[in-house]
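Please describe this structure for someone who has not seen it before. Cover its salt bridges, its sheet and its surface.

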Amino acid sequence: MQTYSKITGTGSYLPPKRVTNQELADRLARDGIETSDAWIVERTGIRARHFAEVDTPSSELATHAARQALQAAGRSAEDVDLIIVATSTPDMVFPSTASIVQHKLGAYGCPAFDVQAVCSGFVYALTVADAMIRAGSARTALVIGAEVFSRILNFKDRTTCVLFGDGAGAVVLEASDTPGVLASDIHADGRYREILHVPGTVCGGEVLGEPLLRMDGQAVFKLAVGLLDKAARAALDKAGLTFSDVDWLVPHQANIRIMMSTARKLQLPPERVVVTVHEHGNTSAASIPLALDHAVRTGQIRAGQRVLMEGVGGGFTWGAVVVQM
């Protein structure tokens, strides 16, 4: 009998500190940088984001989201035999954030590792977990996206610091005799690494370069829409599906203009796009599982429906995955 992998539970977590556009604008104004709620909403669709406290690492957000997902799946930490955390803001250089989450959950002994594909990280991690389950290397996996992007923002650059927030989302992916993850399509092209990157590096205990995010927004927008369209079409083709077979699009919550431009290319109406960017901002690897959990818990996404998830990130990375809930 063929083994598939299926999402059996979802979870998410946002730090308690919610920062509105106006609050962020007031903070920037103290440094002589002008922005406004209207300017941010018009260009991004974002109205608020959440920032973690300075002593709260990615692993803490990930652990909260993982516990929610386990509860939703009716599983305990002892059932988990694989943990993958997608993050570009790890707790430390090493060990992996996944190992720290493993300790916090008490899920000792199973493989635990991080995936670093920035905003595409969750799609990458889900693809890896699906392959391991299909190969028989695992039966119950925790796949988590967790970020504290507030640590790497340049608050003197209004074009980037207004975009990002902190959070975590998680799914429990289990071996199943019925299809769940139907197909995926992931890619990277290092030629475009400099349009979205954090150029700092650690050497001799010191940070060399600038450890803050830099982005060429126009270049990212132009590249993202086309690549997301190609990845989505490829994933659907691998699954033997067409646009009309998709019930919901859960895009990386980067920017409302990118999200809706991609939906139009895929001939999907706005009412079939899950949107949380207005409340979360861009939470990088956490944004897709955060949006997925929101849609599941509010009853938008129901069992049996087909969901297309897609994202682009620094690297430049991109990918899409089709699942049946």
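In this predicted model, R134 and D130 both belong to helix α5 (residues 121-134), where they sit four residues apart, about one turn of the helix. A salt bridge joins R134 to D130, with the closest N and O atoms 2.9 Å apart. R134 is partly exposed, at 32% relative accessibility, whereas D130 is buried, with a relative accessible area of 9%.

The structure holds 10 salt bridges.

| Salt bridge | N to O distance |
|---|---|
| R134 and D130 | 2.9 Å |
| R18 and E279 | 3.0 Å |
| R43 and E42 | 3.6 Å |

The side chains of R18 and E279 meet at 3.0 Å, N to O. Because R18 lies in strand β2 (residues 18-20) and E279 in helix α9 (residues 277-280), this pair ties together parts that are 261 residues apart in sequence. R18 counts as partly exposed at 39% relative accessibility, and E279 is partly exposed with a relative accessible area of 28%.

Five strands form an open sheet with mixed pairing, in the order β1-β7-β6-β4-β5. β1 (4-13) and β5 stand at the edges and have a single partner strand each, so one side of each is left without a neighbour in the sheet. On average, neighbouring strands of this sheet are turned by 20° against each other, direction ignored.

Strand β4 (82-86) pairs with β6 (residues 140-148) in the parallel sense over five bridges. Within this pairing, L82 has A141 as its bridge partner, and I83 has L142. Four bridges join β4 to β5 (residues 112-115), and these strands also run parallel. Here the bridge partner of I84 is F113. From β4 the chain crosses through α4 to β5, and this β-α-β crossover is right-handed.

How are the residues of β4 placed, buried or exposed? Five of the five are buried, so β4 is largely enclosed by the rest of the structure. L82, I84 and A86 point one way from the strand, and I83 and V85 point the other way.

F94 counts as exposed, at 68% relative accessibility. Together with V93, V202 and V207, F94 makes a nonpolar surface patch of about 470 Å².

Methods
Residues are numbered from 1 along each chain as its sequence is written. This is a predicted model: local features need pLDDT of at least 70, side-chain atom pairs count only at pLDDT 80 or more; totals for chains, interfaces and linings use all residues. Side-chain values use heavy atoms; hydrogens and water are left out. Patches are made of residues with over 30% relative accessible area and no salt bridge: like charges are joined within 9 Å, nonpolar side chains (Val, Leu, Ile, Met, Phe, Trp, Tyr) within 5 Å. Accessible areas come from the Shrake-Rupley method with a 1.4 Å probe; for residues, only the protein chains shown count as cover. A salt bridge is a side-chain nitrogen of Lys or Arg within 4 Å of a carboxyl oxygen of Asp or Glu. Helices (H or I, at least four residues) and strands (E, at least two) are DSSP runs, numbered from the N terminus. Buried means under 20% relative accessible area, exposed over 50%, partly exposed in between (1.4 Å probe, protein chains only). Two strands pair if DSSP finds at least two bridges between them. A crossover is right-handed if, with the strands pointing away from the viewer, the path from the first strand over the helix to the second runs clockwise. Axes are lines fitted to C-alpha atoms, for helices over the stretch in contact, and angles run from 0 to 180 degrees between N-to-C directions.
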